[in-house]
Amino acid sequence: MKQKETLLNSAGIDLNQAIDDIGDDHISSSHDTPLREDAFEMDDDLKMELIEKHFKEIMNILGMDLKDDSLKGTPKRVAKMFVKEVFSGLNPKNKPEVKLFENKYKYNEMLVEKDITFFSHCEHHFVPIYGKAHVAYISNGNVIGLSKINRIVQYFAKRPQVQERLTVQIGNELKNALGTDDVAVIMDADHMCVSSRGVSDTSSSTVTSFYSGQFEHDNQKRNEFLKYISLSR
Ligand SMILES: [Zn+2]
């Protein structure tokens, strides 16, 4: 049997070994999406052109006949889907602009938006992660439009992700946008890399949470939030 080629990176780490070690254990290295400095020096059109070319190559290597009517448009479709849709949240220019409104009703209880649908992709396998996000904040005098909360969730979901990082990124962005520490996020998601391959578990879901400010320090606030999201309509 042919020995697996040893591939060392500049730090002398055996990359094949490192990839094997990660395996199906979804670990992430940072709260920031690992992006290179030059990530957006190429424009979207060039990115799509190159991805199309390389995806065609992947299909060719798999032995697929790209002359087939059903397949010939696939590389272009995949390239467009990656750049314009499912990974469009990598590009800061697509970040939703958030306008703050004065909290005229003097509503100073928590606001909860629950069951926000999101679709993301696991950065280790590039297959979907999808589920619901539940978000709460306590206004410090400003509020944002409800649909902006959905847009913030979607923006960070449209990246190759790990669920833990996605949850923290949404929480931190809401803190920044609202100018308050009192933010909570819970995400409950299915990972297709767990359900459709690997251990093929179709019944488990993964829950992650982010608690800041009062939600972090006040158990009553946290429990109130948890109670609201468990209410059925
Ligand atoms: Zn995965």
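## Helix H5

The model is a predicted one.

Buried positions in H5 are Gln 163, Arg 165, Leu 166, Thr 167, Val 168, Gln 169, Ile 170, Gly 171, Leu 174, Ala 177 and Leu 178. After H5 comes Gly 179, which has a positive phi, near 65°.

## Packing of H4 with H5

Helix H4 covers residues 146-157 and helix H5 covers residues 163-178. The two pack at an angle of about 140°, and their axes are 9 Å apart. An angle over 145 degrees would count as roughly antiparallel; H4 and H5 are therefore oblique to each other. The crossing in which H4 passes H5 is right-handed.

On the H4 side, the contact is made by Ile 152, Val 153, Phe 156 and Ala 157. H5 contributes Leu 166, Gln 169, Ile 170, Glu 173 and Leu 174. Sorted by class, the contact of H4 with H5 has seven nonpolar residues, one polar and one charged. Among the H5 residues in this contact, Leu 166, Gln 169, Ile 170 and Leu 174 are also buried.

## Helix H3

Helix H3 (residues 74-86) has 13 residues. A straight helix would reach 18 Å at 1.5 Å a residue, but the end C-alpha atoms of H3 are only 16 Å apart.

Which residues of H3 are buried? They are Pro 75, Ala 79, Phe 82 and Val 83. These buried residues pack against helix H2, residues 44-61.

## Packing of H2 with H3

H2 and H3 pack at an angle of about 135°, with 8 Å between their axes. H2 and H3 are therefore oblique to each other. H2 passes H3 in a crossing that is right-handed.

From H2, the contact is made by Asp 44, Lys 47, Met 48, Ile 51, Glu 52, Phe 55, Lys 56 and Met 59. From H3, the residues are Thr 74, Pro 75, Lys 76, Val 78, Ala 79, Lys 80, Phe 82, Val 83 and Lys 84. By class, the contact of H2 with H3 comprises nine nonpolar, one polar and seven charged residues. The buried residues Pro 75, Ala 79, Phe 82 and Val 83 of H3 are among those that make this contact.

Terms used. Residues numbered from 1 in each chain as written. Predicted model: local features only at pLDDT ≥ 70, side-chain atom pairs only at ≥ 80, totals over all residues. Axes fitted to C-alpha atoms, helices over the stretch in contact; angles between N-to-C directions. Helix = DSSP H or I, 4+ residues; strand = E, 2+ residues; numbered from the N terminus. Parallel < 35°, antiparallel > 145°, perpendicular 65-115°, else oblique. Left-handed = near helix turned anticlockwise from the far one by under 90°. Contact = placed C-beta atoms within 7 Å. Nonpolar A, V, L, I, M, F, W, Y, C, P; charged D, E, K, R; others polar. Expected span 1.5 Å × (residues − 1). Buried ≥ 20, exposed ≤ 12 C-beta atoms within 10 Å, placed from the backbone.
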